[in-house]
Amino acid sequence: MNPQTHSHSQTQTLGFSNSEGCEIDTAERVSCGLRLWIHLSQMEMGQMSKMGQMETTDIAPEPVKKKNLHLPIARRGLGTKGQKIPLLTNHFKVNVTNSNKEEHFFHYSVLVTYEDGRPLDGKGAGRRIIDRVHETYNSELGGKDFAYDGEKSLFTVGSLPRNKLEFSVVLEDTPSNRNNGSINADGDGSLNESDRKRLRRPGRTKTFNVEISYAAKIPMKAIGEALRGQESENSQEALRVLDIILRQHASKQGCLLVRQSFFHNDPKSFVDVGGGVLGCRGFHSSFRTTQGGLSLNIDVSTTMIIQPGPVVDFLISSQNVRDPFSLDWTKAKRTLKNLRVKTSPTNLEYKITGLSERPCKEQLFTLRNKNAKDGEDGEIEVTVYDYFVNHRNIPLRYSGDLPCMNVGKPKRPTYIPLELCELVSLQRYTKALSTLQRSSLVEKSRQKPQERMSILSNALKINNYDGEPMLRACGVSIGNSFTQVDGRVLPAPKLKVGNGDDFFPRNGRWNFNNKKLVKPTKIERWVVVNFSARCDLKALVRDLIKCGDMKGIAIDPPFDVFEENPQSRRAPPMVRVERMFEDIQSNLPGQPQFILCLLPERKNSALYGPWKRKNLAEYGIVTQCIAPTRVNDQYLTNVLLKINAKLGGLNSLLAVEFSPSIPVVSKAPTIILGMDVSHGSPGQSDIPSIAAVVSSRHWPLISRYRASVRTQSPKVEMIDSLFKRVSDTEDDGIMRELLLDFYTSSGKRKPDQIIIFRDGVSESQFNQVLNIELDQIIEACKFLDESWCPKFVVIIAQKNHHTKFFQPQSPDNVPPGTIIDNRICHPKNNDFYLCAQAGMIGTTRPTHYHVLLDDVGFSADDLQELVHSLSYVYQRSTTAISVVAPICYAHLAATQMSQFVKFEDASETSSSHGGTTSAGAVPVPQLPRLKENVANSMFFC
């Protein structure tokens, strides 16, 4: 499908000219924040070098302008508005004694190799090897304790005796204690009779060489600096050492480590989410620098693990079959590969390398006949089944007709009957969860505030950090009380609905009972399409028209209702959609304004993506998909809220938008952007990432938005298509599209202020947002008008953090509108936590906002109130949402358009206009562009 093309030369003149801008010199440009984007693509660099080769005239090179790197701004003040509320948070105070302030952490590089010089492969073995070094060579190491990160870094308090130390250690190669290997030393294809005897004598061993070399030293006073809020590179490194000490502490207790979380092997912490997968509850811990000093942030964390126990039970759950004889063994082989099993009766551990090609009763192997007499063959062929049942006297109930586990090597297989194998606990499940598994996990792992506080208090006692020798050596102790903070509850903003009525939401919620929408649309030319969903269509249409009338939406009777031909139900989704459109076209005099589509499945319908693509990208028709189960007034109202927003209506407005009297925003043309990047599921490394940017339109409103969505290289977080120079006069980037729309929808005004909300980036990526993404946006502005210098505000919204807030002596969540900008916030940078939503289930998760840049000069109160208000403009619901609406819309747009193209068939979907991100990179398949009449709509609602 060819994307919509626009004449860039025509739009260049839409008011974006020097005549509207101010004349400024170079120095003033810097102060206006006009930073040049120097991140040229390799393709452009290649073109420039070719041009340079063709040029023969000697021209003096222009002096290279030094690029100003931007850093997050400091806090300018604290907010004061709202009713004060005392709160507790899951941060625990860290104290450091002054006796060791002259000491240093010494950082050493660790290199572990096999005896023949090959580097160590595989995870997990490093810790065992370093533990053995510590045990064996304690005196040579000066009796020092280690903090080892499991890979290539090791830390001590004070120095080791020498800067470079080399050791040789021996580890038994028997597959016990999670060590993977094969006990089949004779290579006879199965467990032999001397297994138990060999367990009593030393097994085969492996020798490892360990080289420990001095790398750097970190002053321990840096921890004290962090306590006083004086962050430096040293303090960040010192805190990293403390985090490594905690990880090592958990590792010694036999925990599974996942980044900064750890999980005990305790069945009481497991919840079954179906499909052979368990949710395992553990704990996150990390040291944080705050205004109140250094704190340890501890929170409940969950990871997914494989169901431990009999392999056959796991496979039955995984494939959802009744018995082992119904299993798909090709699928089972993929699922089991590299999982660890414990075998009975030997109780040894192995890694599964595959399955036998034949059933247990037929799979032959060569057995050494130790009782063979002279002249008899010393080797005999037996089946695995015969060997275990008759030679080992181990009865097998059901394994005879099933494949065996292969725990050996490709050329030396070791077969074990299925029923003698049990999956070891704490093996991570890293694939994406299904919708049912995800909802089951959420339901079973939610905890009310008081329950969570109790679990965290117990975790602190169980972990016994005071007994950790490395922490004691650092003079670090951790308090056991939740930190007290002062919060404020911001009042809910006044909303405007139909007939000029005002109302205040209560507890972060409202409804449209006896109310009309503030700007209802009229639905005239529309049809209903039913893809074999079981539903009383007549009653549904009747009730929808009646509900619309009560909300102010005039809905004409539908032109027609199209039922899918029953013979099409088994056809591929694309074919079903094509046939339905052929039916619509042959029976309608013209294109409908709107299509209501009924899908048979409520979640993850295979029809959804092809249907949306057909409507939005090929025909430009607004469509709403539903899968009705219980149709009542609330359900129909929610559907109508989405339809009204998609068709250009508005459901409610902030009263300050209507006036307009939003501080700062209403005084000068302001565009609000929401930016998000969605990545493929875990394990899908070749699925393109989807970048979505939404922008406000019709200033001074901040409730209307439109979206622009592009693909980019897999797992790339920084958006690379904000500015995309095609020629001297053409820019095909996201920002040009959004800025021109703002200009045409806002009375031919350019935005003087650009407020950017960015989702999904970690603190280590803040500088990239400021110096890569923001620079592209500035470049896009300069490309439209060289003299245009808007002011920027950049705010990061983080949901994926571990800070929670609690009301002391109350079972309830914190009230909606709770904001915290003191005590546990960053010692210097401008950040705050906001719980805009009403926490109805579980414990409320606040959104952590980081203000990286503010050229506009917002006061703390004005900016916090703007962010709070933007949680009330989400047109899809009648509740305050947990993060600002523009970010939610960007996520919705990315999710919806990612289903337009089946990226698993990347080779087929790669189009002629597919882009590359670097020379020689695989082309990224591009999304189809939307038709112009729906591109500016809120199609994502």
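Predicted model: local features only at pLDDT ≥ 70, side-chain atom pairs only at ≥ 80, totals over all residues.
**Entry 1. Terms and overall make-up**

I take helices (H or I, at least four residues) and strands (E, at least two) as DSSP runs, numbered from the N terminus.

Residues are numbered from 1 along each chain as its sequence is written, and side-chain values use heavy atoms, with hydrogens and water left out.

I looked up the make-up of the protein and recorded 24 helices and 39 strands. Of its 941 residues, 52% count as buried; buried means under 20% relative accessible area, exposed over 50%, and partly exposed in between, with a 1.4 Å probe and protein chains only. I also looked up contacts, that is, heavy atoms within 4.5 Å. Among the contacts with a separation of 6 or more, 74% are accounted for by residues 24 or more positions apart.

**Entry 2. His868**

I returned to His868 and asked: is His868 buried or exposed? His868 has a relative accessible area of 2% and is therefore buried. Apart from neighbours within four places in sequence, His868 is in contact with Leu490, Pro491, Ala492, Pro493, Gly817, Leu834 and Ala836. I also recorded His868 and Ile881, which are 13 residues apart in sequence and 9.5 Å apart in space, C-alpha to C-alpha.

**Entry 3. The largest cavity**

I next looked up cavities (on a 1 Å grid over the protein atoms alone, sets of points where a 1.4 Å probe fits but cannot get out). Grid points are joined across faces, edges and corners, and a volume is the space filled by probe spheres set on the points. The structure holds 6 cavities of 30 Å³ or more, and the largest has about 90 Å³ of space.

Which residues line the largest cavity? Lining residues have an atom within 4 Å of a point, and I list Arg76, Gly77, Asn830, Phe832, Asp854, Phe858, Ser859, Ala860, Leu863 and Gln864. They divide into 4 nonpolar, 4 polar and 2 charged. Here Ala, Val, Leu, Ile, Met, Phe, Trp, Tyr, Cys and Pro count as nonpolar, Asp, Glu, Lys and Arg as charged, and the others, Gly among them, as polar. Strand 38 (830–835) and helix 21 (860–869) each supply at least two lining residues. The largest share, 3 residues, comes from helix 21.

**Entry 4. Salt bridges**

Side chains of opposite charge can pair when their charged atoms come close. I searched for salt bridges (a side-chain nitrogen of Lys or Arg within 4 Å of a carboxyl oxygen of Asp or Glu). The whole structure has 32 of them.

Glu865 forms one with Lys81, with the closest N and O atoms 3.2 Å apart. This pair links distant parts of the chain, 784 residues apart: Glu865 is in helix 21, and Lys81 is in the loop between helix 3 (42–54) and strand 1 (83–96). Glu865 is partly exposed at 25% relative accessibility, and Lys81 is partly exposed at 38%.

I then looked up Arg697, which pairs with Asp741 at 2.8 Å between the closest N and O atoms. Arg697 lies in the loop between strand 32 (689–696) and strand 33 (705–712) and Asp741 in helix 19 (residues 734–745), so the pair ties together parts 44 residues apart in sequence. Both Arg697 and Asp741 are buried.

Arg706 forms a salt bridge with Glu737, the closest N and O atoms being 2.7 Å apart. Because Arg706 lies in strand 33 and Glu737 in helix 19, this pair ties together parts 31 residues apart in sequence. Arg706 is buried at 3% relative accessibility, whereas Glu737 is partly exposed at 27%. I recorded a network of salt bridges linking Arg697, Arg706, Arg710, Glu737 and Asp741.

**Entry 5. Glu468**

I looked up Glu468 in the loop between helix 12 (449–463) and helix 13 (469–474). Glu468 is buried yet has no salt bridge, and the nearest side chain of opposite charge, Lys252, is 5.4 Å away. For charge, Lys and Arg count as positive and Asp and Glu as negative; His and the chain ends are not counted. Leaving aside neighbours within four places in sequence, Glu468 is in contact with Ile245 and His249.

**Entry 6. Phe482**

Last, I looked up Phe482 in strand 21 (residues 476–489). At 12% relative accessibility, Phe482 counts as buried. Beyond neighbours within four places in sequence, the contacts of Phe482 include Leu88, Phe92, Met453 and Phe806.

Methods. 1 Å grid on protein atoms, 1.4 Å probe; cavity = no way out; pocket = protein on both sides within 12 Å on 5 of 7 lines; lining within 4 Å.
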